[in-house]
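The text starts with the ligand and then turns to the fold.

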Amino acid sequence: MRYDWKRLYSELSDCRKCGLCEARHNIVIGDGNPHAKLMFIGEGPGRDEDLQGIPFVGAAGQLLDKMLRAIDIERQDVYIANVVKCRPPNNRVPTYEEASMCLPYLRAQYALVRPEIVVCLGATAARNIIDKDIYITRDRGRWIEKNSVWFMATYHPAALLRDESKKRDAWEDLKSIKRRYDSIAKQQNT
Ligand code: URA
């Protein structure tokens, strides 16, 4: 199915494809620049996101904003979405079925945004988007090119909040993202 933004929003607005629709307050579709070069993909909405209908607005989101600012990128310069659009109860990892039902929406967002860089935040995004066998601690920070788009997996900001010792590696990943982001901007300006 080919989506435009209007169709995507209208289909999602009453989506009941999986059980996550039962307890949701809001469907959390995406945020940021729909023409962004850089797209971030998380796992699924948490409590704050479910209440506000916007991805990454809780504690992990605030850390993400801060991380972006540290590399001179504003949240409104990037596009942010999740593997699933409705909050899994108690923030559990979405099941295979839930993710499979929701992934066509994420693919549609990806096709509409047409990013040049995609950063998967955490294992759920990385395994659904890059490779099902990814381990973040082993594979984070590696670039993979697919059809001229660059993909990287890094720690989910919630993991950084739980374990500060991961911040050093996350910072290396961020600097690498910034280098690629700048090099793409440079190519486009020459
Ligand atoms: N964690 C995610 O993976 N996504 C959000 O939108 C918020 C927290």
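How far from a nitrogen atom of the ligand does a polar side-chain atom of N82 lie? The distance is 2.8 Å. This is a predicted model, in which local features need pLDDT of at least 70 and side-chain atom pairs count only at pLDDT 80 or more, while totals for chains, interfaces and linings use all residues. Residues are numbered from 1 along each chain as its sequence is written, and side-chain values use heavy atoms, with hydrogens and water left out.

| Ligand atom | Protein atom | Distance |
|---|---|---|
| nitrogen | N82, polar side-chain atom | 2.8 Å |
| oxygen | F56, polar backbone atom | 2.9 Å |
| nitrogen | G44, polar backbone atom | 3.0 Å |

On its own the ligand has 240 Å² of accessible area (Shrake-Rupley method, 1.4 Å probe), and the protein covers 91% of that.

The residues around the ligand (a heavy atom within 4 Å) are G42, E43, G44, E49, P55, F56, N82 and H156. By class, two residues of this shell are nonpolar, four are polar and two are charged; Gly counts as polar here.

The chain has eight helices and six strands, taken as DSSP runs (H or I, at least four residues, for helices; E, at least two, for strands). In order from the N terminus, the elements are α-β-β-α-α-β-α-β-α-α-β-β-α-α. The chain is as compact as a globular protein of its length, because its radius of gyration is 16 Å, close to the 16 Å that the globule rule gives for 190 residues. That radius is taken over C-alpha atoms, and the rule is 2.2 Å times the number of residues to the power 0.38. The C-alpha trace spans about 45 × 40 × 30 Å along its principal axes.

Conventions
A polar contact is a pair of N or O atoms within 3.5 Å; within protein, one must be able to donate a hydrogen and the other to accept it, and residues adjacent in sequence count only if both atoms are side-chain atoms.
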